[in-house]
Amino acid sequence: MTHQTSRRNFVKTSGKAGLAIGLAASLPAVLRASGMAANEFQQQALPYTYNALEPSIDALTMEIHYSKHAAAYAKSLGEACAAEGVNTGSKTLESVLRNISKYSPKMRNNAGGHFNHEMFWQTMKPGGSATPSGQLASSIIQSFGSFDAFKTQFSDAAKARFGSGWAWLIINSDNALAIVSSPNQDNPLMDVSETWGTPLLGLDVWEHAYYLKYQNRRPDYINSWWNVVNWDVVAARMNK
Ligand code: MN
């Protein structure tokens with residue numbers, strides 16, 4: 001990358017902060033511009049190739065989902081942050097979600113959309129991982145009776161979500177696990193959510209997530225998705 005290109009990217013990336021270029025640029029902005037790191041308000045690299053989750057999720061669906069839908073949420077989130085004075089160098093995405101009622105519908109849709117998709121990519125893995133063990137397994141059994149009962153209840157929540165939305169496994173402030181679903185790009189971190197909790201696992205049931213391969217057969221998509229869940233990441237989120 002030439003110096004000139006780097007500088008142009010810097011101005012584009014840092015937006016308003018570009019006014020103070022060279023003087024008071026924040027470290028995150030510098031890191032973003034340099035490509036050394038990206039902050040959590042930006043789309044991260046997909047941790048596998050588009051075809052890596054086949055046959056559960058086909059390559060074309062993954063490509064369009066990541067590079068068009070999710071990319072658009074990240075881009076619009078950036079616009080909303082700039083318009084509504086959210087300093088992405090100092091605020092966390094989670095703090096925005098927890099106070100989402102104070103922001104615009106555009107912020108709600110895109111902060112949710114961005115967070116939900118970034119988490120979705122991380123909680124999937126080519127070939128999946130071994131079923132939960134340790135603390136996660138015992139918490140699931142304690143909360144839902146058995147791992148199979150948990151899967152059934154989660155799948156039912158995903159099937160029953162009318163229109164577009166997500167199904168979630170959450171951990172609440174009492175450290176109890178629960179299954180919920182949310183409409184659109186809402187999630188259980190939002191102060192507008194019916195049920196609050198920290199999401200450990202989320203399933204996207206928007207038609208854009210499955211229609212090319214499964215058309216109207218959402219239950220088939222859900223059944224196949226279990227094969228690519230990355231339980232190691234789910235367990236790490238619970239232990240955090
Ligand atoms: Mn999606």
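**Strand S1**

I started with S1, residues 165-171, and asked how much of the strand is covered. It is mostly covered, with 7 of its 7 residues buried. This is a predicted model, so I read every value here as computed.

Next I looked up the strand order. Three strands make an open sheet in the order S2-S1-S3, with antiparallel pairing. S2 and S3 are the edge strands, each pairing on one side only. From one strand to the next the twist averages 25 degrees.

I went through the pairings one by one. S1 pairs with S2 (residues 177-183) in the antiparallel sense, over 7 bridges. I picked tryptophan 166 and looked for its bridge partner in S2, which turned out to be serine 182.

On the S3 side (residues 198-204), S1 pairs antiparallel again, over 6 bridges. Isoleucine 171 has threonine 198 as its bridge partner in S3. Isoleucine 170 stands opposite proline 199, also in S3.

**What lies across the sheet**

Which helix lies across the strands? I found H7 there: it lies across S1, S2 and S3 and runs at about 145 degrees to S1.

**H7 against H9**

I stayed with H7 (residues 147-160) and looked at how it meets H9 (residues 218-225). Their axes come within 10 Å and cross at roughly 145 degrees. The crossing of H7 past H9 is right-handed. H7 brings Phe154, Ser155, Ala158 and Lys159 to the contact, and H9 brings Arg218, Pro219, Ile222 and Trp225. Sorted by class, the contact of H7 with H9 has 5 nonpolar, 1 polar and 2 charged residues.

**The manganese site**

Which residues are the protein donors of the manganese ion? I noted His65, His117 and His208, each through NE2, plus Asp204 through OD. These donors lie 1.9 to 2.1 Å from the ion. In sequence the donor residues are spaced H-x51-H-x86-D-x3-H.

Buried or exposed, I asked of histidine 117? It is buried, at a relative accessible area of 1%. Aspartate 204 is buried as well, at 0%.

Glutamate 54 and proline 55 are joined by a cis peptide bond, with omega at about 5 degrees. Proline 55 is found in the loop between helix H2 (27-34) and helix H3 (59-83).

Asparagine 175 came up with a positive phi of about 65 degrees, although it is not a glycine. Where does asparagine 175 lie? I traced it to the loop between S1 and S2. That hairpin has 5 residues between the strands. I checked accessibility too: asparagine 175 is at 62%, and since the cut-off for exposed is over 50%, asparagine 175 counts as exposed.

Glutamine 215 is another residue other than glycine with a positive phi, near 45 degrees. It lies in the loop between helix H8 (211-214) and H9. With 29% relative accessibility, glutamine 215 counts as partly exposed.

**The whole chain**

I left the overview for last. How many helices and strands are in the protein chain? I noted 10 helices and 3 strands. Read along the sequence, the pattern is α-α-α-α-α-α-α-β-β-β-α-α-α.

Of the 240 residues in the protein chain, 43% count as buried. I also looked at how far apart in sequence the contacts reach. Among contacts between residues at least 6 apart in sequence, 66% join residues at least 24 apart.

Key: Residues are numbered from 1 along each chain as its sequence is written. This is a predicted model: local features need pLDDT of at least 70, side-chain atom pairs count only at pLDDT 80 or more; totals for chains, interfaces and linings use all residues. Side-chain values use heavy atoms; hydrogens and water are left out. Axes are lines fitted to C-alpha atoms, for helices over the stretch in contact, and angles run from 0 to 180 degrees between N-to-C directions. Helices (H or I, at least four residues) and strands (E, at least two) are DSSP runs, numbered from the N terminus. A crossing is left-handed if the near helix is turned anticlockwise from the far one by less than a right angle, and right-handed if clockwise. Contact means heavy atoms within 4.5 Å. Ala, Val, Leu, Ile, Met, Phe, Trp, Tyr, Cys and Pro count as nonpolar, Asp, Glu, Lys and Arg as charged, and the others, Gly among them, as polar. Buried means under 20% relative accessible area, exposed over 50%, partly exposed in between (1.4 Å probe, protein chains only). Two strands pair if DSSP finds at least two bridges between them. Donors are N, O and S atoms within 2.8 Å of the metal (3.2 Å for Na, K and Ca); water is not among the atoms, so sites may look incomplete.
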